[in-house]
Amino acid sequence: MPSLKERDREVNWHPYTQMKTADDIIPIVKGKGVYLFDDTGKKYIDAVSSWWVTLHGHANPYIARKISEQLNTLEQVIFAGFTHEPATRLSEKLLQLLPDNQGKVFYSDNGSTAVEVALKMSIQYINNQGEKKTKILAFKNAYHGDTFGAMAVSGRGTWTQPFSEMLFEVVFIDTPTSENWESIQSQITNIADEVVCFIFEPLIQGAAGMLMYEAENLVRLMKLCRKSGILMIQDEVFTGFGRTGEFFAAGHLSEKPDIMCFSKGLTGGTLPMGITTCTNGIYNAFLSDDQSKTLFHGHSFTANPLSCTAALASMDLLLKPETQKNIRRITEQHSQFSQRLKEHESFENIRQTGTIIAWEIKTVYETSYFNAIGKVFYKEFLERGILIRPLGNTMYLVPPYCITAEELEFVYKNIIEVAEKLTATPIVHVYI
Ligand SMILES: *Cc1c(COP(=O)(O)O)cnc(C)c1O
């Protein structure tokens, strides 16, 4: 009998993986709380919430029960011409928690599609008003997903290179600091009349390497967009649902966006779903007797009742005082751990926003995303039963909120130990 690993090799093509040189794959047979279990019974603490999605731990029994009840009631129905309780209740609930200018909810399947919908809404909004604008603004190093529109508004690099000729033009600006503000301001003011929208990840550029920037500077930029008539798309696919310490990153910002995108933690990490919300002002611009003003966009599984139910269940858990307390505790523990990292010679650029903490592994050698010490750390952590997946040389923790103080301390302790072990030997030689 071939093993699961061998069968996988024969048939599966994994994401973001060079299959020729990929390391041994780990077959996971079960999840429980913060742990993943492989086929030998070994367990791993999921310190990255399985690509930033798992909020309340794996196989959460409350979410599982709610999905199961819904599965036996209504599993799916076309969302054109029909509606159902889970979608309507989820929209009602979400709108109560979002900035009060958000008025309508549009469903799709993942973070990338939530971004596609946001871009199409913005562009057609301008079109429906009979205006002509063609420029889109985004941050350098942004990551908004892997579909074509989402790739176009993302930072260009190795990942997007084969498609570069096919991606629409975007004006990329630096993330704002107090130093570069004047130059960003004049850059935007010069083209403001032609700009449809500005899309941004609030406070943290996740996939770029957990690059963080100040709320105050973002608010200043948002105010400029507001004044200049530039629509704002706030991509909270990663930052939403408690990650930054607030329910949404919007909780840190005094200026409100026109459009917002959600996915990842939306269903607590159980089922795929994307959401794009917008103001009633945007929605109203699509209301017309002229059919061509309709938003002609939809997916087969739009507002799938199971995903909506999972999202409602996840929000029930998220709103519990106990979960809110855990989020505050993780934030506090991270902040104390930051101090320990700062005192250590192996780490640099230590930064934190809420439950997200990141730093770089210090090295004197020239490295890149593809030739990074992070990979050596990754393997060493797996051996120690911890899943941490560095982005190049950037290491970060994004744990599920159910992680206990002891489990988190176990992760911290190993981070220090691994650094001491690996920096005691010439690590780059180990790797290359
Ligand atoms: C992950 C991510 C996306 C894309 O979401 P997918 O579900 O992977 O398509 C979009 N925006 C941000 C900020 C993300 O972190």
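Biologist: How many helices and strands are there in the chain?

Modeller: There are 14 helices and 16 strands. Both are DSSP runs numbered from the N terminus, with at least four residues for helices (H or I) and at least two for strands (E). Keep in mind that this is a predicted model, where local features need pLDDT of at least 70 and side-chain atom pairs count only at pLDDT 80 or more, while totals for chains, interfaces and linings use all residues. Residues are numbered from 1 along each chain as its sequence is written, and side-chain values use heavy atoms, leaving out hydrogens and water.

Biologist: What does the C-alpha trace span along its principal axes?

Modeller: About 70 × 55 × 45 Å.

Biologist: And what share of the chain is buried?

Modeller: Buried residues are 52% of the 432. Buried means under 20% relative accessible area, exposed is over 50%, and partly exposed is in between (1.4 Å probe, protein chains only).

Biologist: Which residues touch the most other members in the largest nonpolar core?

Modeller: Phe241, Trp359 and Ile415, out of 53 residues in that core. A nonpolar core is a set of buried Ala, Val, Leu, Ile, Met, Phe, Trp, Tyr and Cys residues joined through side-chain atoms within 4.5 Å. Helix H13 (residues 405–424) gives the largest share, eight residues.

Biologist: Where does this core lie, and why?

Modeller: It lies between domain 1 (4–59 + 322–430) and domain 2 (64–318), because both give residues to it. Those bounds come from an automatic or database domain assignment.

Biologist: What does Ile415 touch?

Modeller: Leaving out residues up to four places away in sequence, Ile415 touches Phe337, Leu341, Phe347, Trp359, Phe381, Ile388 and Leu397. Contact here means heavy atoms within 4.5 Å. There's also a second, separate core of 40 residues, which includes Ala142, Trp181, Ile184 and Leu382.

Biologist: Switching to sheets: what is the strand order in the open sheet of three strands?

Modeller: E13-E14-E16, with antiparallel pairing. Two strands pair if DSSP finds at least two bridges between them. Strands E13 (347–353) and E16 (394–397) each have a single partner strand, so one side of each is left without a neighbour in the sheet.

Biologist: How many bridges join E14 and E16?

Modeller: Four, with E14 covering residues 356–361. For Ala358, the bridge partner in E16 is Tyr396.

Biologist: Which helix lies across E13, E14 and E16?

Modeller: Helix H11 (residues 321–342), running at about 165 degrees to E13. Axes are lines fitted to C-alpha atoms, for helices over the stretch in contact, and angles run from 0 to 180 degrees between N-to-C directions.
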